[in-house]
Amino acid sequence: MDRKRVVIAGLGDTGVLTAIRLARRFDVVGVSVNPGLVSGQEVGVRLARPDVWARDYWIGFDRFHGLDDVRTVHGTITGVDLPGRTVSVRHAAGNTVREPYDALVISTGVANGFWRRPVVRSADEIGASLREAHDTLGAAGSVAVIGGGAAAVASAVNIAVRWPDTHVALYFPGGQPLPHHHRRARARIVQRLAEAGVTTHPGHRAVVADGFECDAITNAPVHWSTGQEPVQADAVLWAIGRVRPNTGWLPPEVLDARGFVRVTPQLQVPGYPGVFAVGDVAATDPLRSSARNRADGLLAHNIAAHFTGQRMRAYRPPAYRWGSVLGAQPDGLEVFAPNGFAFRFPSWTIDRVLQPWIVRRGIYRGVRGGAHAQGAMTEG
């Protein structure tokens, strides 16, 4: 009997993990705007130490053992025929083709700042963008980070640690940063901000002009709707959480009011049993937490159950965000549990244990050595 075909729209962190799990049982086609995994994780490390970040978070698809049987397509999805079960893909080379599917996984993620953009890029363009942001911040005598979430906090700490002579200030609208983390995690990160020399400015809500997409490092004065005097810095890093779901290719009936994909607890799109969504694009809960809670295993089970008629499992989101906030630091890596308690990896274990054994061998099921994102993809 012919194997079922699963098309995965988006090969970011969650899409890659889902593809690895499904490839053992199905014919899998993955569509990605990048020629490899360009992770959305650890943006602070990405800015401050791009070479270190790229080693662990920019990985060519050909390096994953688990993707050997997956056909990866370098391009962008432009449309979908849900009744006909096909997606339209514009390849990086410019031609457009239709990819049929028996099941579709929507994992196209969100656009968020300059580090998460839904545009087709080459490996050279990705490398240039990493270096450009790093060089801009390295040349700045003062940096203002706007936002109070994990991306803003991590950026502020990593920039301050990497360039200790740079004045780094963090501005956020609430009374404390990390409003969606447990109070224990929040208290620890506030301590780390102080230790790094970051000055914090609560109660500052930036004025964001209509049409401004926060996708570049700027140097214009920042104005506040909360009444404070404008702030001027050599570099302004916008991390205000103004995410935009990459769902322009989907019909409105599968989206919620904000443009995210509506899903059942089983991660199915209502009304379309063979269509699933996972990651930041899926409206699972207010925090869209399936992107950070290893929902790839549950999703792979449910897709198999869809084909066999077996019982599906429900996704249960945690109450708080969890995981790494700052990324690997000189003194190690702290990973926070949903209850706010942290597990620390000593610095020596990161390169000897965490990355080679837990991440590459355990989570990704084997990653070959080699360059960042070189390897064959379907170009057209």
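Me: Which element supplies the largest share of the lining of the largest cavity?

Reply: In this predicted model, strand β18 supplies the largest share of that lining, with 3 residues. As a general idea, rolling a probe the size of a water molecule over the atoms shows where empty space is left. Here the count comes to 3 cavities of 30 Å³ or more, and the largest has a volume of about 60 Å³.

Me: Which elements each supply at least two residues of this lining, and how is the lining made up by class?

Reply: Helix α6 (183-196) and strand β18 (333-336) each supply at least two residues. By class, the lining has 5 nonpolar, 3 polar and 3 charged residues. Among the lining residues are Ile189, Arg192, Leu333, Glu334 and Phe336.

Me: Where is arginine 186 placed, and is this residue buried or exposed?

Reply: Arginine 186 lies in helix α6. The residue is buried yet has no salt bridge. Its nearest side chain of opposite charge, glutamate 334, is 14 Å away, whereas a salt bridge requires the charged atoms to be within 4 Å. Leaving aside residues up to four places away in sequence, arginine 186 touches Gln176, Pro177, Leu178, Pro179 and His181.

Me: How many residues of helix α1 are buried, and what covers them?

Reply: An α-helix has 3.6 residues a turn, so residues three or four places apart point the same way. In helix α1 (residues 13-22), 9 of the 10 residues are buried, including Asp13, Val16, Leu17 and Ile20. The cover over the buried residues of α1 includes strands β1 (5-9), β2 (27-32), β3 (36-38) and β5 (70-81), together with helices α7 (296-308) and α8 (347-363).

Definitions and conventions. Residues are numbered from 1 along each chain as its sequence is written. This is a predicted model: local features need pLDDT of at least 70, side-chain atom pairs count only at pLDDT 80 or more; totals for chains, interfaces and linings use all residues. Side-chain values use heavy atoms; hydrogens and water are left out. On a 1 Å grid over the protein atoms alone, a cavity is a set of points where a 1.4 Å probe fits but cannot get out, and a pocket is an open set with protein on both sides within 12 Å along at least five of seven lines; lining residues have an atom within 4 Å of a point. Grid points are joined across faces, edges and corners, and a volume is the space filled by probe spheres set on the points. Helices (H or I, at least four residues) and strands (E, at least two) are DSSP runs, numbered from the N terminus. Ala, Val, Leu, Ile, Met, Phe, Trp, Tyr, Cys and Pro count as nonpolar, Asp, Glu, Lys and Arg as charged, and the others, Gly among them, as polar. Buried means under 20% relative accessible area, exposed over 50%, partly exposed in between (1.4 Å probe, protein chains only). Lys and Arg count as positive and Asp and Glu as negative; His and the chain ends are not counted. Contact means heavy atoms within 4.5 Å.
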